Amino acid sequence: MNNTFDFNRFSLLVKRQWIENKKLFLMASVILLGLGIVFYSFNMSFITGKLINGDARMVILTSSFFVVGTFFTNYILKDFSNKNSGTNFLLIPASHLEKLLNVAFYTFIIFPIVYWLLSYTIDFAFVSIGNNIMSNYDNVNGLPLVEKNEFWLNASSKKDTWSKSLIFGIWLIVQSPFVLGSIIFEGWAYIKTGFAGIIIFFLIYLIAGIAFEILVTDMAHQVEVNSSSYLQIKPTRDSLENMTILCLKYVFTPILLLITYFKLKEKQV
Amino acid sequence: MIQIKNLSFDYGKRKPVFRNLNLTLTEGNVYGLLGRNGAGKSSLLRNMAGLLFPTSGSCVVNGYNAQDRLPVFLQDLYFLPEEFHTPPVKIKEFVDIYAPFYPKFSRKQFLEYLEEFQLSDNEKFTELSLGQKKKALIGFALSTNTKVLLMDEPTNGLDIPSKSQFRKIIASVATEERIIVISTHQVRDLESLIDPIIILDNSEVLLNATTEEITEKLCFKTVSTVTEHDKVLYSEHSLRGFSIVTQNAENEHSKADLELLFNATLTNQSQIKELFKLEY
């Protein structure tokens, strides 16, 4: 018997999560859809058909993706907010890895898919409605009166800075502390994680600032090897920044998930 | 087999619960775990289930270190805590979710228990009383057919008919291969069921003996007046005089009264320990 990972046990955990929470998941999706409709309705002129521009929509939808995501992550791990449900969760005959992967499956795969599917559906519907209204004004002197609305997806895909992988990467960095926090903190996990996250973020920011000052090279720190070449003994600001971004992209989330795994193994109720 | 060796456990330095506890529980028994509030009954069960970890020593259940919580260990152990969680689903959905994790689970057996407890698997947990929820979970626990069954105060919240149904069902599932450990305050509810008896107090095991061993060494009787006070381990007023516990020096036959035994053990800890000389 494989005590580390068994696909059958993993799928049973996924099924358990769905059956126990399906009503809430569906209700939350409907609420999200409703909020989206309200937001778009307030930001579209039903006379001209003009919506707020794609960038603004993207900023709002992405911000809400981050916030709603942390709520969802906290909810998925709600079993640990209470001794009784924690007992029930820990005693399910499945490995810690399977339990963590089940959480990761809902947090990092199902949630983003459902969220963006809902967002694109609303965007598609309102852009179509708006453009339909605009088409009534199309024939004045053969020129459109108002510039047509663009689908958010099209608008964002044209811009490098709004790269979806970057947004998703940052989103993962924000979510993973909430996974860890839900296991470490018993009560008020969401608020405690938020506070801890802010404090740690500022500490890192301060330390990074100091480290940059100390480590980053300037011409005075370059050693003259001979008259025509210089040996650089300290990294440049660019290289340190690149290294930091690289760490944030590929190291931060896996390390936090690894810590979460060990915390789950050590969890006592 | 459950083997606890030199187990120490505490909730922080100021609150030690066990110190070098040794205990061996074998198959084919329904152990009754007794102790006053805070003696550590629930903590001991949680250590056995791998929910709490010893600060030192070990707790090995069926050959597995409990704190590893391996699937192979968990699928052969069921722990029903005193306060439990039930998801907001129907009983049959609960079974659909959790039963596949237990290879020896019997749906037929489960439906029989539900019938015995007058419950339907179509009922929602949210619509059941605490006692009814507990009955459904007891039915589920027994139907998992796990080798180890740990129950913390299982009769709390059960009505009088349910208590006797519970005794009947437990007696029917207490097989030679199974270890059942029941922690309880309500010894009268389970007097006829639990054997051997384990009494915990002051971070240690004061008594671990079968009722046969207990009645061999102790005598439980009712007398009109208490004479020979030095021989009486414990006495208390009863309707017909005094209920007393004495050493069974004359090999008298008596029926073990668990409540008297418990009180006698707590008031004469060193004498009881000496009398039963715990060996593991």
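Biologist: Which helix of chain A holds A:I207?
Modeller: This is a predicted model. In it, A:I207 sits in a helix of chain A that spans residues 189-215. That helix is α7.

Biologist: Is A:I207 buried or exposed?
Modeller: Its relative accessibility is 53%. Exposed means over 50%. A:I207 therefore counts as exposed.

Biologist: Now chain B. Which strands are at the edges of the open sheet of 6 strands?
Modeller: The order is β6-β7-β8-β3-β9-β10, with mixed pairing. An edge strand pairs on one side only. The two edge strands are β6 (77-80) and β10 (204-209) of chain B.

Biologist: What is the average twist from one strand to the next there?
Modeller: The sheet in question has 6 strands and is open. From one strand to the next, its twist averages 15°.

Biologist: Which residue is the bridge partner of B:L80 in β7(B)?
Modeller: β6(B) and β7(B) run parallel, joined by 4 bridges. Strand β7 covers residues 148-152 of chain B. There, the partner of B:L80 is B:M151.

Biologist: What angle does helix α10 of chain B make with β10(B)?
Modeller: Helix α10 covers residues 269-276. It lies across β9 and β10 of chain B. Its angle to β10(B) is about 45°.

Biologist: Chain B also has an open sheet of 3 strands. Which strands stand at its edges?
Modeller: The order is β11-β13-β12, with antiparallel pairing. Each edge strand has a single partner, so one side of each is left without a neighbour in the sheet. The edge strands are β11 (218-223) and β12 (232-238) of chain B.

Biologist: Which residue of β13(B) does B:Y234 stand opposite?
Modeller: β12(B) and β13(B) run antiparallel, and 6 bridges join them. Strand β13 spans residues 241-247 of chain B. Opposite B:Y234 stands B:V245.

Biologist: What angle does the direction of α9(B) make with that of β12(B)?
Modeller: α9(B) packs on the sheet. It touches β11, β12 and β13 of chain B. Its direction makes an angle with that of β12(B) of about 130°.

Biologist: Which strands does α10(B) touch as it packs on this sheet?
Modeller: The direction of α10(B) makes about 130° with that of β11(B). The strands it touches are β11, β12 and β13 of chain B.

Definitions and conventions: Residues numbered from 1 in each chain as written. Chains lettered and ligands numbered in written order. Predicted model: local features only at pLDDT ≥ 70, side-chain atom pairs only at ≥ 80, totals over all residues. Heavy atoms only, no water. Buried < 20%, exposed > 50% of the residue type's maximum accessible area, 1.4 Å probe, protein only. Pairing = 2+ DSSP bridges. Axes fitted to C-alpha atoms, helices over the stretch in contact; angles between N-to-C directions. Contact = heavy atoms within 4.5 Å.
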